[in-house]
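Welcome! Take a look at the structure first, then try each task before reading on.

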Amino acid sequence: MADNFFVTAILVSHDGATWLPEAIAAISAQSRQIDHIVAVDTGSIDNSVKMLTSAGLTVIKTDRDAGFGDAIALALGSTTRVNRDDSEELIWILHDDCAPTRSALELLIAGLVDKPQVAFVGPKLRGWYDRKHLLEVGISIAPNGARWTGLDAREHDQGQFDKPTEVLAVSTAAMLARRKIFEELGGLDPNLALFRDDVDLGWRARVAGFSVMTAPEALVYHAEAAASERRSVDVEEAFLHRPRLLDRKNAAFVLLVNASWWLLPWVALQIIGSSVFRAIGYLAAKLPGYAADEIAAVGLLIIKPRDLLVGRKLRREKRLLSPRTVRQFIPPLSSQVRLWAEKVDAALRKFFEANKKEDERLDSQISYSDIGVIDESFDDQDLLTNSSGSSWQSIRNRPLLFGLGATLLISLIASRNRFGSLSGGALGVSPDGAMDLIAKYSESWHLVGMGSAATTPPWVAILGVASAITFGKVWLFISLFFILTPTLAFFAMYRSAKRAGISILFSVIGGLLYSMSPVIWGSINQGRLGTLVIALVAPGFLSILPRTLEFEIISWRKIYFITLLAAFLAAFSSFFLIFWTIALLVLLLASLIQRRVEISEVGVIKFGWGSDLARIKRFFALALVPGLLNAPWSTSVVLNPTQILLEPGLPLSGGSLLNILTLNPGGPTAVPGWIFAPFIVFLVIMALHKRFAFETSLVFLLFSIALIVSQANNFGHGSNGKIWTGTLMIFILILILIPILKIAENLISNLRANKLGAMHAISIFAMVLTIFTIFSTSIWAVSNGANSLVTANKKEVVPAFIEALSDTTVRPKTIVISENRNEINYYVTRGSDLEIGDPDVAVAMPKAIKTAVVELISGASINSSQIFGAFGIQYIFFKNPVDENIARTIDGVGGFTRSSATNSGVIWEVVGSSPRVTLTDSSGKVVGLNSSKVGAADEITSIGIIKLAEKFDSGWNLLVNGNQIRVQESDIGLPYFEVNETGTMTLLHDGTRHRALISAQLIALLAVIILSLPAGRRRSEVPLEELA
Amino acid sequence: MFRRNIIDLKVVASFIIFSLTLATVVLLQPNDTGISKIRNYPATVCPQKLSDGTSTSVLPSRDILVREIPSKKNLLKPAKSALYLSLNPLLVDGYNSTSINVTRSQSRSLATVTCAISNSEQWFVGGSGTVSSRASLVVTNSGLSLSVVDLVIYSANPAPSLVTKKIRANSSKRIYLDTLAPGESSIVVRVVTKSGRVTTFLYDQRERGLQKFGADFVSPSNSPEKTVVIPAISSVPLVRGRSNQMLRVLTPGKVGANIRAQIVSNDGSFAPIALDNITLESNVVADIAFKPILKSRNFSLVIKSDQPIVAAVKSSGVFEGVNEFTWSTAASQLEDLAMHLGGLQPDFVFTGKKFEVRISWMLKNRKILSKTLIGDDLATWRPKNGILWVSFLPSEPDIFGGIIFKEQAGLSSLPLVAGAQLESAAVPNLDARVIARE
């Protein structure tokens, strides 16, 4: 023995028969002989004890629920401390699932030589199964309780950590400790029976003035059997024998007993926050047990604060240095974020790879790259290999980059009038913040027109959530969205084409045709948010749809993923929702009819509950879940079928029949008709290919629907206009583009092989048309196309003083009138211009208001001002250009006093207008009551009738001194309440049912998201090959 | 690609569906813009009792809704009688036929006027501010807010005077002309409604001491025009041939006018010497007397000017033994019109070039008759019995019409003009786009 140390090895075993043979052999084969070995067995039920005894080791047996620290203490208690001047006793703590290399002990001891301040030294731990896998080279703890190794996931040992370093702690697996210091520090904390006891020990050593170091040249293989759930955790502290629960609890304990007092709140917050966050993550991964562990761990600590207080007291007695000493070893937040990002990235990659694999199983399309024979872009090698040459060649060789750059450049130039807060066309003004959109979705009463209890479509909430990307600034999100749409559309189609097995070059051409299509630019110029979202999602959606009706072979996860995407599309297009649902139900019916003989043979019940149950269940899930996820809005769509053809935002007429026939939805500032998009030619070519008969038939079907609906007028969303067919055309374009790209790709080789003929002529014609369309649309987009309906920072409609009045307790309303091409239009405003989401909840005005407006404009009015006044309308605002005849008529009608005539228009004040909420006492005296935007609260001093200047709805509730009063409807459609007592009154619109439905919707959405995500695995389920 | 039978049957079927759809859409392409139309008549106001006799408003039916002004409750209620006697102005709910008011005084003078809703500008060519005049403007505010009315008084004085009057909601104000233009015998009043729902009537009543000279309403005229047609002027030979016709005319601009008036009658069309080539000063009201020698009972006067003018003719004399006068005022082109007469039997006079007017009327026994009146220059029709209502359907645009009432109670005339025009064919649409930034 060359050194002056006496080494006592303590081997703790607990059901470790799997690893013990190798562990014992490794210990026995150490180049530096161990002076004394003690084995402690904590009630193993396998043959661990027998193995230890057979190896000639003295075995101390203890209870099965004894902790690791208890076992060490028991071992140390059984031996007498070596107390010689020439020799210091070291204890080498060994797990039954760790196998040190031959020189491990020798190198560990070398790490302590001439370093009296070093209390503990730890080896480099590598995986038991994957022996290259680096497990630990010293450890620490993150402020959120995560065990911190500083290593990347599945990092391999390449000698990158082979330099001894100071660390916070080392694992107890093969840790070499100076016994004296170990005992002075009190050993392993008995509160930490398993897990994190090593970090705690290192932390205590550090604040007691000692060092902890690694000796990375000493190598130990560790199975981490308890952490990887390869054996049961039976220690007394392990509630329900759950290792993760114990780990999380101990992690929190270590942080809370060792952190400074002033840091405790912050530490506690991080622990709770990260526990909740992780719990959500585990729930999403369908691991509710782990999620419960996270929450229970914090709960168990909170209910036993005494352990924490005692622990802190004991540590304070042994502490010599400031707790700040350990700060350098605690990983900073940036490191945690980086690690978290890497994990998310890895998870996403894994998720998409899993998706891809599943698609591959379903789709028969398999290329060489799919089976790994060649690189994925093999087909395009001829386009990618030539790296030398001019910049043009460089661009040519990178068609994807070219496509992205070109579409972005065109969009940026075309958007020169769209930098800022956008509005116009179908697009309302952006609200101040994303929360306003969320509120619009969650509120049961909307301050639009004379009020509305209509259900807000889910896209409003989706837009609100998406605006988080721009830190809640909706206008910025919308602006960016409109600028990036052509590029995103290009990429969406490119990806979809690639998934269909089309080469990069043809995918790029497809992307360019799609992004430069009339429907996309028409939608941009007209502010058609819904169509644009559909345009971005639909290519991907159609590409993941199964190509078979044998749904039983599709996994439930994929079914839910499709329904989730379908629900997303449906949120932006009620037409899609209805079409999707009906189409699937028809398909199911058709397949059942096809098998009617079989059904009659086996019987309906037996057929339904037999092998076809899986298929039928999937059919129904696909058909009905999108509707359910969009409830309660989807219900209102079904109950009001005229809504089906309405798009998000204001209705805006599409183009003529000729436009529709060229697959250009038309409308104001749309792509002009002379830019003849080649899709019709493509459709003809496609029709000549039997291979795409299904797609062609579907296109003709959708085209027929588009033709029919395009010529119909529809009233809804607060206005009227011809039905917009843009959404239908998106699907038509995709259904044409993918097949035509495939045809074109195959055609090239045929053209080369054949003599010049009709096929060549048609091909050239189609190509010229394609190039013409892309170029002419691009030139139009950057020139005339930039003068669109949608522009930035438009002038406000409602005069500023009316807007200012809207915040008073009177809450007045204003009727805004405008004349355009001999049409007189009007609407009621609360003081603000129409915002995004407002038209979608707009409902018809009360009949009395309509009549009063008609009579006002026609001059036939006798009591228009009375009606307006009763509805709380305080002003009539006639926007410029004002028709002088109508203005004179209003002047002459009576009950309206002209208060101003400015550049923006003429304003009349309605004589005798009521505040929003009024009390009329028995003497007929009318008193205004304080009103908030929706509800009202005030003291009422006399009995009488409380009137609310809103449209009648049964959801209005009045509480006087807590007693509910029934709402009644006046003859002109106003809600009122007969009040028979004085006191405190509260007026509110009861949104309980609405909120309950939204809560149910959120729960359903969460459930479908979780079901569509890949399931996580419990650590015990991870196969040995994947373990470290 | 071009081989036979290469097209799938499914594609063929879907293409046929598509073609049929296209054909259907093209054939049945709806032109409906989604915009509905509505026609509406505004409520009108009949004047109150302005004489010592009776004031009868002849209403379309007993069920029509009315409201007296002022009234405690601003509620309309059924009239209960088609011949409504009222001391106060009467608001009559909008209806597609015109009501009239017939005011008879104890001194046997007759005054008639169409119940109307005022335009923003009205011209009253008539009345006087002399000591013998009890002429008054009655301004009725049937609305629910304060009204402001500007009265511009033209007289022999070339400087018109402006008086602004405020009329409280749901009230009426009577303003005597002698307070507006004291001593002025020739007056034209321009009424400009600044705000509110106002109806104005001018009741011209002449008396000196106990001697009555008759009374009549001065129907409002249109805005000044270069051609003014006064379609119905009575030339009934008054006792001892003391018929007086007096043309009152005003050029309300900065430049004076040269006018030439032509009498159109069944005796022929001619320009009387007194009315041929008259030069008028601007803003000065001129009264020009003339005595046409005519066999026919009624005639029309067509005045042509090089500047916009307003004009009316006062016919005065002794009628049925008492002094009486009537103001015949200018009419606008005759349009489809129905009027309630409550059993009266007046003369209807039409003027125009080669015209036809389809006339339908209801007798007191509820029998409805009709005829087509054909005329050139002038045509007169008088029902054989009293009629409840009459409607006119002109064939040409350039036809003008008027009514002359002649009964024992006196003489009066009206232009055939609807009390309330059919308003605003374009119906306002509910459209949230008006509050969207576009």
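**Exercise 1. Describe chain B as a whole: which elements are there, and what box do its C-alpha atoms fill?**

Start with the elements: chain B has two helices and 31 strands, where helices (H or I, at least four residues) and strands (E, at least two) are DSSP runs numbered from the N terminus. Next, take the principal axes: along them, the C-alpha atoms of chain B fill a box of roughly 110 × 55 × 55 Å. Then turn to burial: of the 438 residues in chain B, 51% are buried. A residue is buried if 20 or more other C-beta atoms, placed from the backbone, lie within 10 Å of its own, exposed if 12 or fewer do, and partly exposed in between.

Before going on, a note on the model. It is a predicted one, in which local features need pLDDT of at least 70 and side-chain atom pairs count only at pLDDT 80 or more, while totals for chains, interfaces and linings use all residues. Residues are numbered from 1 along each chain as its sequence is written, and chains are lettered from A and ligands numbered from 1 in the order in which they are written.

**Exercise 2. Find out how many residues of chain B are in contact with chain A, and which element gives the largest share.**

Two residues are in contact if their C-beta atoms, placed from the backbone, lie within 7 Å. By this rule, 57 residues of chain B are in contact with 72 residues of chain A. Now look at the elements: helix H1 (9-27), strand S14 (188-195) and strand S31 (429-430) of chain B each give two or more residues to this side. The largest share, 10 residues, comes from H1(B).

Finally, follow S31(B) across to the other chain. It pairs in the parallel sense over two bridges with strand S17 (residues 823-829) of chain A; strands pair if DSSP finds at least two bridges between them. Here Leu430(B) stands opposite Tyr826(A).

**Exercise 3. Locate the largest nonpolar core and say where it lies.**

A nonpolar core is a set of buried Ala, Val, Leu, Ile, Met, Phe, Trp, Tyr and Cys residues joined through C-beta atoms within 7 Å. The largest one has 189 residues, and those with the most contacts inside it include Ile732(A), Leu733(A) and Val816(A). Helix H30 (residues 726-753) of chain A gives the largest share, 15 residues. Domain 2 (800-910) and domain 3 (917-990) of chain A both contribute residues, so the core lies between them; the domain bounds come from an automatic or database domain assignment.

Then zoom in on Val816(A): among the residues that it touches are Tyr826(A), Phe877(A), Val434(B) and Ile435(B). A second, separate core of 109 residues includes Ile69(B) and Phe319(B).

**Exercise 4. Work out the strand order of the four-stranded open sheet in chain A, and name its edge strands.**

The order is S23-S29-S25-S26 (chain A), with antiparallel pairing. At the edges are strand S23 (936-940) and strand S26 (963-965) of chain A, each pairing on one side only. For one pair in detail, take strand S25 (residues 956-960) of chain A, which three bridges join to S26(A). In this pair, Val960(A) stands opposite Asn963(A).

**Exercise 5. Decide whether strand S2 (residues 36-42) of chain A is largely enclosed or open.**

Count the buried residues: six of the seven in S2(A) are buried, so this strand is largely enclosed by the rest of the structure. Its parallel partner, strand S1 (residues 5-13) of chain A, is joined to S2(A) by six bridges. One of the bridge pairs is Val12(A) with Val40(A).

Terms used: Lists of a residue's contacts leave out its neighbours within four places in sequence.
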